[in-house]
Amino acid sequence: MNIKPLADRVLVLPAPAEEKVGGIIIPDTAKEKPLHGIIKAAGKGTKDEEMILKEGDEVLYGKYSGTEIELEGVKYLMMRQSDVLAIIEK
């Protein structure tokens with residue numbers, strides 16, 4: 001993939017939505033949007049805001065954050081670093 005976010009933007013691969021809950025298959029229209037994912041690319045930040053996120057970080061983000069884009073058949077979210085709520089540490 002040859003995409004490099006600019007300034008304070010990051011490219012996030014959302015976690016897959018749950019397919020089943022207790023043996024019940026959930027149709028696509030009723031699935032909850034995932035609220036976490038993995039950073040696949042990050043910009044360099046701005047002169048006012050340093051980029052603290054890096055490729056490979058697992059993050060939480062708001063329900064309506066980012067812009068959906070599709071690259072090579074895979075759906076990603078492009079969002080600002082300020083839309084990310086937290087980094088998940090394991």
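1. A polar contact here is a pair of N or O atoms within 3.5 Å; within protein, one must be able to donate a hydrogen and the other to accept it, and residues adjacent in sequence count only if both atoms are side-chain atoms. The side chains of Glu58 and Lys90 make such a contact at 3.2 Å.

2. Some ground rules. The model is predicted: local features need pLDDT of at least 70, side-chain atom pairs count only at pLDDT 80 or more, and totals for chains, interfaces and linings use all residues. Residues are numbered from 1 along each chain as its sequence is written, and side-chain values use heavy atoms, with hydrogens and water left out.

3. Salt bridges. The term covers a side-chain nitrogen of Lys or Arg within 4 Å of a carboxyl oxygen of Asp or Glu. The count by this rule is 3.

4. Glu58 and Lys90. The pair also forms a salt bridge, N to O, at 3.2 Å. Distant parts of the chain are linked here: Glu58 is in strand S5 and Lys90 in the segment after S8, 32 residues apart. Strands are DSSP runs (E, at least two residues), numbered from the N terminus. S5 spans residues 58-61. Glu58 is buried at 19% relative accessibility, while Lys90 is exposed at 87%. Buried means under 20% relative accessible area, exposed over 50%, and partly exposed in between (1.4 Å probe, protein chains only).

5. Around Glu58. Contact means heavy atoms within 4.5 Å. Setting aside residues up to four places away in sequence, Glu58 touches His36, Gly37, Ile38, Ala86, Ile87, Ile88 and Lys90.

6. Arg80 and Asp8. Their side chains meet in a salt bridge of 2.8 Å, N to O. Arg80 lies in strand S7 (residues 74-80) and Asp8 in the segment before S1, so the bridge ties together parts 72 residues apart in sequence. Asp8 is buried at 6% relative accessibility. Arg80 is partly exposed, with a relative accessible area of 36%.

7. Around Asp8. Residues up to four places away in sequence are again not counted. Asp8 then touches Gly45, Thr46, Glu49, Met51, Met79, Arg80 and Gln81.

8. Asp57 and Lys54. This salt bridge is 3.1 Å, N to O. Asp57 is buried at 9% relative accessibility, whereas Lys54 is exposed at 52%.

9. Leu85. This residue sits in strand S8 (residues 84-88). Leu85 is exposed, with a relative accessible area of 62%. Beyond its neighbours within four places in sequence, Leu85 contacts Leu60, Tyr61 and Gly62. The C-alpha atoms of Leu85 and Gly62 are 6.9 Å apart, with the two residues 23 apart along the chain.

Note on methods
Helices (H or I, at least four residues) and strands (E, at least two) are DSSP runs, numbered from the N terminus.
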